[in-house]
Amino acid sequence: MSDSLAGLEARSIYILREAYKSVRPLGMLWSMGKDSTALLWMVRKSFFGKVPFPVILLDTGMELPEVYEFRDRLIMDWKLECINHPCPPEEEMDQSLKPATRSAARKTEGLKTLLEQHQFKGIIVGIRRDEQGLRAKERVFSPRRADGSWNFKNQPAELWDQFQSEISPDAHMRIHPLLHWAEIDVWRYLKRENIPCVPLYFARNGMRYRSLGEHNITFPVASNAATLDEIIAELETTKISERAGRAMDRESEDSFELLRARGYM
Amino acid sequence: MTGEVDHGKSTIAGRLLHDTGSLTEGKIEELKEICERRGGGQEWSFLLDAFQDERNLAITIDTTQVRFKTAKRGYVLIDAPGHLEFLRNMFSGATEADAAVLVINAERGLQEQTRRHAHVLSLVGITQVIVAVNKMDAVGYNQEIFEKIAAEISKTLVPFAIVPISARHGEMIVSRGENMAWYQGPVLTEAFDALTVSAMLAGEPLRFSVQDVYRDHGRRILVGRVESGILKSGDELMFAPYGQMAKVESIAVWPDDPQKIEAHAGESIGIILDREILAERGAIASHADNAPALSHVLKAKIFRLRPAPFISDESLTARMGTSSFTVKTLSAIGEDMLSELTLRAETLQPVDFNQKIVLFSDAEAVGAGIVLGAGEYTGASDSKGQVFWFTGLSGAGKTTIAKAVEKELLGRGCKVHVLDGDELRRTISADLGFSPEDREENIRRASAIAARMAASGTIVIAAFISPSRAGRKHAREAAKGWFHEIYIKADLATCEKRDPKGLYKKARAGKITDFTGIDSPYELPEKPDLVVDTQNGDIEEGVQAVLRFIEERAMTPGIYGQDRFRAIK
């Protein structure tokens, strides 16, 4: 491999093609964030310019306006088949969850109704191991039970890219082609490949979004990085966690585990 | 990061993150808060053991990956669980690693699980293993205890370095501390920095594994990964297992790139060939002069991932690269979790020495390891001559299958002979007609010849309509039990439609008489040893079924190791 980005990309393409070969029907979650947009670019590379499955926004109606604008632009430019799937309202969530966690749970419930309506067997998700301790324990092909939950205490073996693709009826497979990427790799890749991204990532008035989420539970962090190069330089030295602006991570020790065990991304 | 449970792997990992300054802001405060709330001491392992169950039970359940940096370079650390029941998780982690740390608790010394982990590391091809003897503080930093463990582990593997450490107190991880002045070697991070990163397999022969076939704007693109070597535009490639040749017209990537004329190990690409060949998922492309061996039989060193040992005659699914095929265990020799399995593949497989193989049973990975040898069924010196008697209507495919099987077996150096009805009629039985009596006499002669040839060690394939049960019974008795009746099955309508020699037409026209199926009866076999249905199945499947049948009864597998690996092409 000529450089490490090429190696990371080659593995992601291999995983995407494995998923397309062995799991159908397939859909991909696209939050319009940097990770899933970089992944969408790799989908186009894998299938020679086409995106052979729908991309899905689990829409809480709470994304920032710039995010919706970006979505509409890319749907046009990249000729995407996009499913804009509304999530159930917060009142229907488990009221014992803390506020931000409860709000995030809407996506999980939205995914469940999406699976019911569209009968997807495989969902591609652009999560990375270095984002969060629980995501660090994920498999590339990660089976979910019929109720969407993650049996993380009994994950299948994953040896030398031999992924488990058999899925029991009613269950579905999560496919994670970006697990092995780090945050800084994604930014270097966006730059190298000249991939567009939502302007909110770039600093304005000393603040920028490191991680994009709904505007009620995600907050910008202090930064002066206003260009791709400045973001990469910032990440080379920063001690701030990527998810520092995500309220739900801080609510309790197990808030993220509660979410993920029930089917969160 | 491997080793027995409770030897401190996650603690070392947590310590590494902290001591190399790789933790994000607020992480230490968060950790302290969690530990205080839980009412215990500082648990470095919580930095990795993210599950509530892992923290509550103070164990690692599943593999995790974290990143840290030294002044020299960045690392991804894969923390593996130590428990026996989580061994498949440890194995999953190990297949992604370039080098390993094997942790041994100084208080307890080498455990069975330590040795198992050492075996897994060796099996997945990790040659650089740093041994960390942890909890030195608990043995009073005793040099003798360290040296005893060092000597013992060196019998199991060749360590890259052996470092005495105390994860709890952060000694010999990044800084040396003050309690082990007797140790002059590198601290853990210095040992990491001395590791060499494995180069991609550029010098190896080309192997391109086909993952899928796409059609795009009228182009047929074979997508896959270059597993080793270099693939260039213009290369003549051979596709195993069928052996077709085709030239690489171009390497397809998106966005289009005419400059892309070669691809190296690790790259996921597409190739467009100068002609359409039957190549599907599982095919391996190589250069013709350096192709993989082709074999039905392979020997593999397998680490077991389930409690029950492998037994012979077990049916499993093997996966190698993008290829997936059914295998049967011919023999299984095992000790603890390691087994040496001889496997019989249902279809011919391209095989390379040291190739990775994973065995599945009911969609669950039950074993994984590497290929040690391949081989083929040959009529070795201890082979038994036997009679394989084909019966069936004229036009059922007896001679076609017999000749194809003979060709394959001759190619493997077997002593094999086809005794064909038509040929016998022209020679030895030229004096006979087709009355029931003459037919019996013809079969009597054929039976005697077949039996004599089998007794001399030849595999005899006898292809005769042999319509009467009595005649076939006679043939069985003549061969004294070294006899197998194979019914080549196709009904009259099918055979008459095929009519390769025009005989049915003649019989219908009354130009020949006593023709089986028309004016002479065919007595269906009551209990044939094998039925090959050429009416509903195709001939090639029939040939394979007969080959398997003969191999299992009259042949022995010869297995070759690395040195002779290429000799069996």
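Modeller: The contact between the chains draws 67 residues from chain B and 51 residues from chain A. Please bear in mind throughout that this is a predicted model. The size of an interface is often given as the accessible area lost when the parts come together. Here chain B and chain A bury about 5,000 Å² between them, and carbon and sulfur atoms account for 52% of that area.

Between chain B and chain A, 6 salt bridges are counted. One of the salt bridges joins Glu96(B) to Arg11(A); the closest N and O atoms of Glu96(B) and Arg11(A) lie 3.9 Å apart, and this pair qualifies because the limit for a salt bridge is 4 Å. Polar contacts across the interface of chain B and chain A number 19 residue pairs, with both residues at pLDDT 80 or more. On the side of chain B that touches chain A, the residues comprise 26 nonpolar, 20 polar and 21 charged.

As for the setting, chain A contains 7 helices and 8 strands. Its C-alpha atoms occupy a box of roughly 50 × 50 × 35 Å along the principal axes. Chain A has a radius of gyration of 18 Å, which agrees with a compact globule, because a globule of 265 residues would have a value near 18 Å. Within chain A, 64% of the 265 residues are buried. Of the contacts in chain A with a separation of 6 or more, 72% are between residues 24 or more positions apart.

Methods
Residues numbered from 1 in each chain as written. Chains lettered and ligands numbered in written order. Predicted model: local features only at pLDDT ≥ 70, side-chain atom pairs only at ≥ 80, totals over all residues. Heavy atoms only, no water. Contact = heavy atoms within 4.5 Å. Buried area = accessible area lost by both parts, 1.4 Å probe. Salt bridge = Lys/Arg side-chain N within 4 Å of Asp/Glu carboxyl O. Polar contact = N/O pair within 3.5 Å; in protein donor to acceptor, adjacent residues only side chain to side chain. Nonpolar A, V, L, I, M, F, W, Y, C, P; charged D, E, K, R; others polar. Helix = DSSP H or I, 4+ residues; strand = E, 2+ residues; numbered from the N terminus. Rg over C-alpha atoms; globule rule 2.2 N^0.38 Å. Buried < 20%, exposed > 50% of the residue type's maximum accessible area, 1.4 Å probe, protein only.
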